[in-house]
Structures are given as C-alpha cells and as structure tokens.
Amino acid sequence: EAHRATGSYAYVEVVKFLRRYNQSFRVLALTATPGSTVESVQAVIDGLDIAKVEIRTEHSLDIREYIHSRNIEVETFQNSEDMILCMDLLSRTLQPLVDQLRTLNAYWGRDPMALTAYGLTKARQQWMMSDAGRNANFGLKNKVNTIFTILASLAHAIDLLKYHGITPFYRHLLHFQSETDGKKGGKYKNQIVQDESFKKLLNHLKPWTCNPEFIGHPKLEYLKQVILNHFMDAGEGQSNDGHTQSKTRVMIFAHFRDSAEEVARVLKRFEPMIRPHVFVGQTSAKGSDGMNQKMQLGVVEKFKKGIYNTVIATSIGEEGLDIGEVDLIVCYDSSASPIRMLQRMGRTGRK
C-alpha cells in the first residue's frame, strides 16, 4: 500500500533498513490513491526511494480488457418531519448557551443547528489567543471553556441526527443526561437537562425508539428497500431446504459505530434473507465492544462462505483486508476524504 509510506511508517523504515545493507534491490509499491496533492505524492516517492513511476487509468489499453463496469448512484434526502421537530426542540435548548458565547464575542454563529465540533474548536482556539481571552480572569475562562465543551458534545448529537437517524441521536442524549444525575455535571449541563424543550424532546423520542418498527431517517428506509430488492433479484432465500444460497454479497460503510449497529438492527428483521453482521475495529467504546483480529477474520470467513451476506463496516473495512467478491457497496455517508472514498469504491467491480 504505497500511500501509507509517509513519515515514520513501517514501510519507510524497512526501505531505509534494506538500503543500509544492500544497494541493489527492487521494491514494487502499488496504490490506487497516492495522495491528493503533489507534495503528498512526492513524500511517498521519497519515502520508498522510488525510481520509476507507472500510471494506469481505466482507459489504458493494457488494462481495458480486465476492467469490469460499475454504476454509481447518488441519492439525496430531505429531513423528515420527525427530524425537523427534534431540531427545533434542540435549537431552543441550546440557544441560551450560544447567545452567551455571542455576547462574549467568543462565537459568532446564531443558529444552534449549524454548530460543528470543528467550528467550535477553532472558535475556542481563536478566543483563547485573542486579547479578550488572554486577559480574562480565571472564572470567565472556565465558563467559556465549559460552554464550548458542552456545545461540542451536543454538536456530535446534531451530526448523528442529521446523517444517521433518530435512534443514535437519542442514545447520545441519554448518555449526556446520565452525566448530570443529581449534583454532577456543573451549572450549564444541568441548565440544559432541566430545560423544558430538552425534557419535551426526550419525551417525544422515548416512545419512538421503543417501537421496534421505528426507522428514524429517510436514508435508513431507502437502504432497507435497496438491500431487500438486491437480494430478491438475486433469488436469495427462495428455496425451502436452505442449501442453495445465492452468491451475491453486500457491503455497507458507516462512519460511526452507532449508525452501523442501527443499520444492523433494521436489517436483522429480514433474516434469514438478509444476514447482516457489524464489522468494527479493536477498541471497545462506550456501549459497544470492539472485535479483536480473530473475530474480524472470523466474520470475513463467514462472509465469504455466505453465513453472513451483508457486512456493515466502519472505516476498518475500507482497505487492506481481502473480503472477496462484493456486488453492491453502499456508502451510508459520504466520507470527507477522497482517498477513503476511492478505497471503498475499489471493493466492488472486481469480478
């Protein structure tokens, strides 16, 4: 994977090591995504001491006969009424805190729904560097920091709501609320949790998320249809003896573990036709266990054999592992990085 050979990554060290003992050796490095700028491509060339670069595209004569066609479809969705209701209530809850930062000249956005973790981090840094922030007394600094931290936590919730649906959003809010039980959590956190709009929001969400039929995002509804149609066209699950399994496989990429589990939950209702499994990294996060390498390889094996026919992967499924033939890839959210997007695309159109 040539695009990994930057900085002090193992590949770079290996080439240095070889060079110490022997001047003549040959290295072949391949990549679909060498880098998005001239500098980053040059870094790879320096890191591996590359002498000759060969470039091929899908239209190159010696490649053309091996390329399989693939179609890319992009779907765009509108927020559902439920989501708009959630956004309204959350906006009302957060407005006082956003206004406080505005009066202190620490943040200039008005709309709480436009908060992003990155924007808040930048604003916090700028305020800390400015004269106002540097000369502020300890209490004021503390106050601004606390408000920024709380808003950043809820900015993640907004992300979940907009792109991943209502259930992961509700889980995040519950987690947020649990940190303020009783006396913990400080003044501002409690101010949010005690807010009428916040209570109203949780009361709305609770019955929705308890209903197993509830879906909570137009993307999820559409995804369910696409996957069902895909397996029906392939004739999955038609025979009664259960022996003739179709060869088709589906891979879904999600950004967060919460949404991966949410997708799995919705698709699990259609077993045995859809046999989904989540595919995540090694670390255990709150509320979900990681998968060590043995488990990961186990899932890949079962996926190839057809015990599972749908894998919902976080970023770990994007490159490197040999996953076998996949006919349909769904990017449940667009990845910010074009490199990762291309690695995802490369999973399909192989056979």
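**Reading burial, contacts and patches**

Biologist: Does Arg275 count as buried or exposed?

Modeller: Buried means under 20% relative accessible area. Arg275 has 13% relative accessibility, so Arg275 counts as buried. Keep in mind that this is a predicted model.

Biologist: Where in the fold does Arg275 lie?

Modeller: Look between a helix and a strand. Arg275 is in the loop that links α12 (257-268) and β2 (276-279).

Biologist: Which backbone oxygens lie by the side chain of Arg275?

Modeller: Polar contacts are pairs of N or O atoms within 3.5 Å. From a polar atom of the Arg275 side chain, the backbone oxygen of Gly306 is 2.9 Å away. For the backbone oxygen of Ile307, the distance to a polar atom of that side chain is 3.0 Å.

Biologist: How many disulfides does the structure hold?

Modeller: A disulfide needs two cysteine sulfur atoms within 2.5 Å. This structure has zero disulfides. Take Cys86: its nearest cysteine sulfur belongs to Cys210, 14 Å away.

Biologist: Are Cys86 and Cys331 buried or partly exposed?

Modeller: Apply the burial cut-off again. Cys86 has 1% relative accessibility, so Cys86 counts as buried. Cys331 has 24%, so Cys331 counts as partly exposed.

Biologist: Which residues form a nonpolar patch on the surface?

Modeller: Find Val14, Leu18 and Val27. Together they have about 230 Å² of accessible area. Val27 sits in the loop between α1 (10-21) and α2 (38-47).

Biologist: Why does Val27 count as partly exposed?

Modeller: Partly exposed runs between the buried and exposed cut-offs, 20% and 50%. Val27 has 44% relative accessibility, so Val27 counts as partly exposed.

Methods:
Residues are numbered from 1 along each chain as its sequence is written. This is a predicted model: local features need pLDDT of at least 70, side-chain atom pairs count only at pLDDT 80 or more; totals for chains, interfaces and linings use all residues. Side-chain values use heavy atoms; hydrogens and water are left out. Buried means under 20% relative accessible area, exposed over 50%, partly exposed in between (1.4 Å probe, protein chains only). Patches are made of residues with over 30% relative accessible area and no salt bridge: like charges are joined within 9 Å, nonpolar side chains (Val, Leu, Ile, Met, Phe, Trp, Tyr) within 5 Å. Accessible areas come from the Shrake-Rupley method with a 1.4 Å probe; for residues, only the protein chains shown count as cover. A salt bridge is a side-chain nitrogen of Lys or Arg within 4 Å of a carboxyl oxygen of Asp or Glu. Helices (H or I, at least four residues) and strands (E, at least two) are DSSP runs, numbered from the N terminus. A polar contact is a pair of N or O atoms within 3.5 Å; within protein, one must be able to donate a hydrogen and the other to accept it, and residues adjacent in sequence count only if both atoms are side-chain atoms.
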